[in-house]
Number of protein chains: 2
Amino acid sequence: MNRIQRALEALVERVDTPAPVVLADVLQDNIDRMQAFAARHNLDVRPHVKTHKCVEIGRRQVKGGAVGITAGNVGEAEVFAAAGFHDIFIAYPIWPSGTKVARIRRLAETTRLRVGVDNAAAIGALADAMGADAGRLEVMIEVDCGARRSGAPAEAAGDLALAARHRGLVPVGVFTYPGHGSSGPDARKRAADDQEAALTTAVRSLSAERITAEVVSAGSTPTVEFSTGSSVITEIRPGEYVFNDLNNARLGACTEDQIALFVAGTVVSDWVPDQVILDIGTKAISREGSPEIGYGAIPGTAAVLSRLNEYHGFLPLPAGGFRPRIGTVLPIVPNHVCPVVVNFEDYIVTDSTGTSLQRWRIDARGFLN
Amino acid sequence: MNRIQRALEALVERVDTPAPVVLADVLQDNIDRMQAFAARHNLDVRPHVKTHKCVEIGRRQVKGGAVGITAGNVGEAEVFAAAGFHDIFIAYPIWPSGTKVARIRRLAETTRLRVGVDNAAAIGALADAMGADAGRLEVMIEVDCGARRSGAPAEAAGDLALAARHRGLVPVGVFTYPGHGSSGPDARKRAADDQEAALTTAVRSLSAERITAEVVSAGSTPTVEFSTGSSVITEIRPGEYVFNDLNNARLGACTEDQIALFVAGTVVSDWVPDQVILDIGTKAISREGSPEIGYGAIPGTAAVLSRLNEYHGFLPLPAGGFRPRIGTVLPIVPNHVCPVVVNFEDYIVTDSTGTSLQRWRIDARGFLN
């Protein structure tokens with residue numbers, strides 16, 4: 001019996017399903033292991049809180065040695081700033097409009113705030129938003145390294161940093177996200193190499209404008225293992241490593257024993273032969289996966305959710321395998337953990353032995369803008 | 001310019017993105033049209049609140065003539081009961097464990113409560129949960145009509161109703177969900193025919209046990225148009241019709257002008273040729289769709305979100321078409337609206353002219369068990 005099944009067995013009478021269950025000891029091991037890895041390679045860790053959105057977990061990351069946190073939007077930054085986090089990087093090409101103008105100003109008053117920019121229009125809008133306080137806002141130039149998502153070409157980083165400085169903002173460095181490293185096990189090293197090349201070019205581009213990139217920030221749980229020995233990278237921004245998930249296990253970025261979160265669900269119907277229905281649908285586990293790999297799996301078995309409706313998960317039963325009865329509670333490990341946490345108010349927190357049981361609030365759930 | 005674009009233009013300065021925007025006049029038209037349809041065919045409407053999870057919208061549905069509401073789980077029922085709704089059907093094969101035992105008892109004290117059952121174990125567990133108050137709990141027998149999800153075979157409905165009666169519960173009828181009617185435009189009528197056949201068999205099965213099916217309850221937005229002229233159906237439980245979405249438009253179950261909800265997003269990056277990035281990712285619009293049809297579309301254009309990350313939506317720009325600048329706010333209509341609403345705290349409510357602007361709370365967001 002694996003850790004997850006042991007933990008579930010111990011808490012099964014005390015949990016209402018569907019519910020996200022966190023194994024606190026596995027989570028702490030994941031935090032400590034990432035921190036030790038970074039220390040060995042002389043890298044700062046600035047974990048991305050989008051994965052957990054939980055103040056308690058953020059505190060554990062900082063206590064473990066993180067230099068600050070990464071957020072995905074203004075709302076997340078606000079929740080963590082209100083909880084006392086005072087070094088926050090919004091790693092996103094912010095466009096300050098509506099209430100965001102005032103909210104970014106307020107955040108910059110109470111915390112050391114960095115925001116991402118990848119274009120001149122946003123630099124102008126941020127400078128306008130900050131007015132005379134532009135010097136309170138640190139900016140990081142986002143460059144693309146192959147994900148073809150956001151980020152300027154690395155050669156353009158210097159121009160953007162200079163434009164920010166001219167407007168009174170404080171350019172402190174460059175960042176990128178090697179998202180193309182998640183496309184398969186072979187892609188991880190290649191994306192990390194792309195990242196190294198782009199960041200090196202970006203740093204040179206800043207130097208050419210006589211701007212020092214004090215911070216050179218890299219992703220990500222799947223690629224971090226290959227981001228060592230860099231001559232430029234100063235920090236890493238992994239997110240998923242706290243929980244891990246099936247996608248990371250498939251990529252080789254974690255083992256199954258390092259997965260710290262599952263969704264507990266109950267068998268509610270079993271009329272269709274060789275299938276049971278769980279109370280885990282898209283509104284609990286999100287539609288992350290595909291018909292080919294399914295939408296979440298029972299650890300240590302071949303059973304995967306093959307289809308999801310909103311409140312129903314379809315679980316085909318492998319031939320000759322177990323056949324859980326109505327009312328049985330089962331653990332489902334998600335393919336991609338980040339979109340799961342936004343579905344719930346609280347984590348049910350236990351450990352591998354199932355002896356402790358707490359709730360941790362998912363504080364920044366929602367807060368999407 | 002269509003309704004959605006006109007409404008967005010009027011409110012663009014006043015909305016923080018990403019945000020779900022509701023056109024109240026289109027919504028009201030949708031409510032009134034469904035009610036008029038049902039009245040013509042002598043059917044009760046018991047709308048499924050999982051689609052909107054919003055007390056204000058539920059009130060409009062009841063004011064429009066709905067006989068009560070349908071919920072997907074105990075938590076949704078609790079939120080609406082607390083807001084004064086007193087006729088609630090949880091159309092789900094409930095398994096009462098953990099706190100659900102006490103919660104179902106409490107609900108049955110304060111509201112007329114019906115719950116779905118499809119198996120003998122759940123009937124026993126519900127009867128145990130209710131104890132001496134079993135007579136306060138109405139049960140509806142769920143039968144399958146081809147979706148192969150939950151629901152007993154229609155022929156087994158009588159046995160289950162009898163088992164419920166023997167345990168002191170009150171069997172009041174049968175229900176089914178013709179989910180296979182969403183697989184394509186041709187599937188709608190076929191699924192409605194399957195539904196009619198299954199419900200007819202189920203009613204006969206109850207009659208054979210001398211139990212009258214007072215309520216014979218059918219789905220669903222895509223199939224409701226074909227559920228007329230039935231000799232058995234007494235009520236319909238559509239959900240999506242209040243908002244509608246691209247999936248329903250593709251199925252022919254609504255027109256594009258009848259879509260009452262879109263997600264407003266801002267262009268935040270535009271470095272990749274023929275593509276812009278919006279601040280609408282999976283955490284805002286959910287991964288509903290496929291690489292083939294995309295994950296949401298700008299109404300009246302060929303532009304669809306082709307990929308989603310958590311906070312990023314990839315919008316390829318059709319050749320020769322418009323090229324929105326950084327900061328432009330665009331409307332994205334979801335493929336499937338129900339999983340979108342759980343991502344946000346409030347709807348931004350306006351109308352086709354954009355003159356009014358309110359917020360309606362998404363009261364039952366979360367409440368997953």
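Predicted model: local features only at pLDDT ≥ 70, side-chain atom pairs only at ≥ 80, totals over all residues.
Which residue in β5(B) does Ile88(B) stand opposite? I started there and found Leu113(B).

**Strands**

Strand β4 of chain B covers residues 87-93 and β5 of chain B covers residues 112-117. They run parallel, and 5 bridges join them.

Next I traced the whole sheet in chain B. It is an open sheet of 8 strands, paired in parallel, and I wrote the order down as β2-β9-β8-β7-β6-β5-β4-β3. The edge strands are β2 (44-45) and β3 (69-71) of chain B, each of which pairs on one side only.

**Helices**

What lies across β3 and β4 of chain B? I found helix α4 of chain B there, residues 74-82, running at about 175 degrees to β4(B).

I moved on to helix α5 of chain B, residues 100-110, and asked which of its residues are buried. My list reads Lys100(B), Ile104(B), Leu107(B) and Ala108(B). Looking down the axis of α5(B), I see these buried residues fall within an arc of 95 degrees, so they line one face of the helix. Ala102(B), Glu109(B) and Thr110(B), on the other side of α5(B), are exposed. I also checked what the buried residues of α5(B) pack against, and got α4, β5, α6 and β6 (137-142) of chain B.

**The two chains**

How does chain B relate to chain A? I superposed them with a rotation of 180 degrees and 0.0 Å of shift along its axis, at an RMSD of 0.0 Å. That is the relation of a two-fold axis. Of the residues of chain B, Arg287(B) comes closest to the rotation axis, with its C-alpha at 2.8 Å.

Then I went through the contact between the chains. It takes 56 residues from chain B and 56 residues from chain A. On the side of chain B that touches chain A, the elements giving two or more residues are β4, α6 (120-130), β10 (261-269), α10 (282-285) and α11 (338-341) of chain B. I sorted that side of chain B by class and have 23 nonpolar, 20 polar and 13 charged residues.

Last entry: do the copies meet through the same surface or different ones? I have the same surface, because 100% of the interface residues of chain B are also interface residues in chain A.

Methods
Residues numbered from 1 in each chain as written. Chains lettered and ligands numbered in written order. Pairing = 2+ DSSP bridges. Helix = DSSP H or I, 4+ residues; strand = E, 2+ residues; numbered from the N terminus. Contact = placed C-beta atoms within 7 Å. Axes fitted to C-alpha atoms, helices over the stretch in contact; angles between N-to-C directions. Least-squares fit on C-alpha atoms with pLDDT ≥ 70 in both. Nonpolar A, V, L, I, M, F, W, Y, C, P; charged D, E, K, R; others polar. Buried ≥ 20, exposed ≤ 12 C-beta atoms within 10 Å, placed from the backbone. Arc of directions from axis to C-beta.
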